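Dear colleague,

Please find below the structure that I am handing over to you. My notes on what was found in it follow.

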Amino acid sequence: MQPVCKMNWLYLLQIRMTEMREEQLLQAAGIKPTAARILIIRNLDAADHPLSMAEIGDALETVDKSVISRTLALFRSARLIHIIQDGSDSVRYELCRCHCSVSGDDTGDDSDRHIHFHCEACGKTFCFRDMPVPEPALPDGFHASSVNYVINGLCPSCAGSKTRIQQSKSQRDSIIRRR
């Protein structure tokens, strides 16, 4: 028998623990943990920003787009994911970090509310998890079921390139005026 490398064993254990956590999350939400559902929830969990269905499909080429669409609808109905409409042409999906439906809270309240920022130049959407959404004061009789708080503008990377472009244009205009 060959000795097992401790690092490989720990790595395999970590992968299995992640799979178990994902399976338990799905089961707690009343969802059967199929291979495709585990792949989709894993993809959403690993993402550092909300994903469009196209981005999920590109990352999971072996999973049919109709399966992805049905799974996202199922996850949404079980409140495992949020839908973000950031002003782009596609809806984006993000794993809910509070897992309200799993904890037994069936009030419809989403305690994982946070602000999103959509860059108008590169199209990326960023989560600001540490910035809670301000609670709007609604008139009597109105009850909000969801809040979508998106700030549009330029991310630091695009704002930096836009500044460089503006500086280049200013320099070019200055040279032209001197001639």
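In this predicted model, the axes of helix α2 (residues 35-46) and helix α4 (residues 65-77) come within 10 Å of each other and cross at roughly 70 degrees. Axes here are lines fitted to C-alpha atoms, for helices over the stretch in contact, with angles running from 0 to 180 degrees between N-to-C directions. Helix α2 is therefore roughly perpendicular to α4, a term that covers 65 to 115 degrees. Helices (H or I, at least four residues) and strands (E, at least two) are DSSP runs, numbered from the N terminus.

On the α2 side, Ala-36, Arg-37, Ile-40, Ile-41 and Leu-44 meet Val-67, Ile-68, Thr-71, Leu-72, Leu-74 and Phe-75 of α4; contact means heavy atoms within 4.5 Å. The residues of this contact comprise nine nonpolar, one polar and one charged. In this scheme Ala, Val, Leu, Ile, Met, Phe, Trp, Tyr, Cys and Pro are nonpolar, Asp, Glu, Lys and Arg are charged, and the others, Gly among them, are polar.

The model also holds an open sheet of three strands in the order β1-β3-β2, with antiparallel pairing. Its edge strands, β1 (51-52) and β2 (81-84), each pair on one side only. Pairing requires at least two DSSP bridges between two strands. Strand β3 (residues 92-95) is joined to β1 in the antiparallel sense over two bridges, and Ser-52 stands opposite Arg-92 in β3.

Both helices named above also meet the sheet. Helix α2 lies across β1, β2 and β3 and runs at about 90 degrees to β3. Helix α4 packs on the sheet as well, where it touches β2 and β3, and its direction makes about 110 degrees with that of β2.

Two arginines deserve a separate note. Arg-21, in helix α1 (residues 6-28), is partly exposed, with a relative accessible area of 40%. Its side chain is joined to that of Asp-45 by a polar contact of 2.7 Å (a pair of N or O atoms within 3.5 Å; within protein, one must be able to donate a hydrogen and the other to accept it, and residues adjacent in sequence count only if both atoms are side-chain atoms). Arg-79 is found in the loop between α4 and β2 and, at 18% relative accessibility, counts as buried. Buried means under 20% relative accessible area, exposed over 50% and partly exposed in between (1.4 Å probe, protein chains only). The phi of Arg-79 is near 60 degrees, a positive value in a residue other than glycine.

Residues are numbered from 1 along each chain as its sequence is written, and side-chain values use heavy atoms, with hydrogens and water left out. Local features need pLDDT of at least 70 and side-chain atom pairs count only at pLDDT 80 or more, whereas totals for chains, interfaces and linings use all residues.

Yours sincerely

Key
Angles under 35 degrees count as roughly parallel, over 145 as roughly antiparallel, 65 to 115 as roughly perpendicular and the rest as oblique.
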